[in-house]
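Here are a few notes to read with the model open beside you. Take them one point at a time and find each residue as you go.

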Amino acid sequence: MAEISKDFTGQTVICTFEMTPATAIELMEALQSAYAECISKSAGFIGAGLHMNDAHTRIATYSKWEKRGDYQAMLRSPEMITRNRHIATLCRSFEPVMYEVAADF
């Protein structure tokens, strides 16, 4: 489980996906497969969580990386380029955003 701490010096990435209930399960399965088979094996990966809302219209992922470049290198890998092309067909939009933890409680 990824721990949230203000003292964390690595890179936090939160990605939101917007989709219809018709593609929600297939999208979640594609994301779980990407994390299990590729993302979690990438250099610098620390941990992640995947969340789906009750209406099956949004998915949010939270991941932690040792450094920003590790996350960026994973995105540029041929396998993730192919996977992200497929993922993009299952959702209206997705947006990865890099964050720094400002506070923890």
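1. Let's start with rings: those of Phe, Tyr and Trp (its six-membered ring) count as a pair if their centres lie within 6.5 Å. With that in hand, look for Tyr-35, Phe-45, Trp-65 and Tyr-71, which form one aromatic cluster. Keep in mind that this is a predicted model.

2. Searching the whole structure turns up four aromatic pairs. Phe-45 belongs to strand E2 (residues 45–52) and Trp-65 to strand E3 (residues 58–65), so the pair ties together parts 20 residues apart in sequence. Is Trp-65 buried or exposed? Buried, with a relative accessible area of 0%.

3. Now the largest nonpolar core, which has twelve residues, including Phe-17, Leu-27, Ile-59 and Leu-90. Strand E1 (11–18) and helix H1 (21–37) each supply at least two of its residues, and H1 gives the largest share, five. There is also a second, separate core of ten residues, with Val-13, Phe-45, Trp-65 and Met-74 among them.

4. Next, click on Ile-59. Setting aside neighbours within four places in sequence, its contacts include Cys-15, Phe-17, Leu-31 and Met-52.

5. Finally, the helices. The axes of H1 and helix H3 (residues 78–89) come within 10 Å and cross at roughly 170°. Angles over 145 degrees count as roughly antiparallel, so that is how H1 and H3 run relative to each other. Among the residues making this contact are Leu-27 and Ala-30 of H1 and Arg-83 and Ile-87 of H3. By class, the contact has six nonpolar, two polar and four charged residues.

Definitions and conventions:
Residues are numbered from 1 along each chain as its sequence is written. This is a predicted model: local features need pLDDT of at least 70, side-chain atom pairs count only at pLDDT 80 or more; totals for chains, interfaces and linings use all residues. Side-chain values use heavy atoms; hydrogens and water are left out. A nonpolar core is a set of buried Ala, Val, Leu, Ile, Met, Phe, Trp, Tyr and Cys residues joined through side-chain atoms within 4.5 Å. Buried means under 20% relative accessible area, exposed over 50%, partly exposed in between (1.4 Å probe, protein chains only). Helices (H or I, at least four residues) and strands (E, at least two) are DSSP runs, numbered from the N terminus. Contact means heavy atoms within 4.5 Å. Axes are lines fitted to C-alpha atoms, for helices over the stretch in contact, and angles run from 0 to 180 degrees between N-to-C directions. Angles under 35 degrees count as roughly parallel, over 145 as roughly antiparallel, 65 to 115 as roughly perpendicular and the rest as oblique. Ala, Val, Leu, Ile, Met, Phe, Trp, Tyr, Cys and Pro count as nonpolar, Asp, Glu, Lys and Arg as charged, and the others, Gly among them, as polar. Rings of Phe, Tyr and Trp (its six-membered ring) pair if their centres lie within 6.5 Å; planes under 30 degrees apart count as stacked, over 60 as edge-to-face and the rest as tilted.
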